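Open the model in your viewer and keep the selection panel at hand. The tour goes from one selection to the next.

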Amino acid sequence: MFHDSLWSLASQAVLWLVSSARLATSDAPQPSHLQAGLCCANAVLKEPNLSTEVGHGSRILSACGAVYRLVQFLLPGDQLPTLSDTGLSQALDSPDTASAALACHQMGTLVLWLERTKLRMDNIPTFLAAPIKSLIVTLSRMPLVNSYVATPPEAWRQGWTVELGGPSRTTVPPLPVEYLQDIDLLHQLIFRVTLLGWTSRQQFEETWMSLLSVLSLNPCENTSPEETALLVQASSLAVQAITALLVQTLLLPVPGDPNTSQLVHQPRDKPLPSSSVFCVCGALTVSDICLSLLIPSFSDKLRIIHKLLFWRLQDQELLSADAGK
């Protein structure tokens, strides 16, 4: 209950700082105040048990609204992309589900903004960009909005019509196979799989089977060279997405959550000897003394290089940058 109250206080503080009434005055919010509220809310949501409690009721709706308003405030001008609300039309028309549909549309817009900027967010200070990105990912994984946010916007643009399920009419079923043959749609799907991960075994299996269906598409004898090239490219993108899914199963402590978990890496190389080894060897030569002075510095540099190379392999920007091309 204490952490729940802490989250509510943090999110409401951020919402108050960027409220219209406050921005109309000369008392603009201080960056340190925004950072404190964001870091507090982010810390609460990164705890799996606490985030489950936060993801219900009006708290998730106010949280999505707070982050959306904050990004609007920080961006100079109107720089958020326009996202069609075609799939949410029924939910938006009903007073009982309009708030949930609005939260879905807000988080879908923020994820599309991350995709367009390739996760760089150059117009936002770094000390605010990191917690904002983490909050967007964590909130987008909440059950209320996850299936809608994970659906590529290109599907709605191409005229896909489907009746959304769930109590709030915001649950989107898996995409039909024929839509997954579109290259732009696959790029958007890869970005969302890499950024958001998966939240349940059912979602993992549905995504897995959808991507495998793309690999089963083979060109026919009458297929033109252009169509064959597109099928090959679609298969390549499907393999890329399947690889991301498999890697996410190794994340700890929460498999499928790239925002709060990481790969556990155990190097097979033997550790370099420390300078203390030379202290128990009796008399030291000049070369021993030089080596004992160099090894700690050399070992630290190797560890830094190894860490950079290893984490670069799982950096989300690799897949998102390819998806944006």
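Angles under 35 degrees count as roughly parallel, over 145 as roughly antiparallel, 65 to 115 as roughly perpendicular and the rest as oblique. This is a predicted model, in which local features need pLDDT of at least 70 and side-chain atom pairs count only at pLDDT 80 or more, while totals for chains, interfaces and linings use all residues. Residues are numbered from 1 along each chain as its sequence is written, and side-chain values use heavy atoms, with hydrogens and water left out.

Select helix α7, residues 98-116, and helix α11, residues 183-196. Helices are DSSP runs (H or I, at least four residues), numbered from the N terminus. The axes, lines fitted to C-alpha atoms over the stretch in contact, with angles from 0 to 180 degrees between N-to-C directions, come within 11 Å and cross at roughly 105°. The two helices, α7 and α11, are therefore roughly perpendicular to each other.

Next, show the side chains where they meet, with contact meaning heavy atoms within 4.5 Å. Helix α7 brings Val-111, Leu-112, Leu-114 and Glu-115, and α11 brings His-187, Gln-188, Phe-191, Arg-192 and Leu-195.

Now select Trp-113. Beyond its neighbours within four places in sequence, Trp-113 is in contact with residues including Val-71, Leu-75, Met-121 and Ile-136.

Finish with the cysteines. How many disulfides (pairs of cysteine sulfur atoms within 2.5 Å) does a search of the whole structure find? It finds 0. For Cys-40, the nearest cysteine sulfur, that of Cys-39, is 8.8 Å away. The sulfur of Cys-104 is 7.7 Å from the closest one, in Cys-64, too far for a bond.

How values were computed:
Disulfide = S-S within 2.5 Å.
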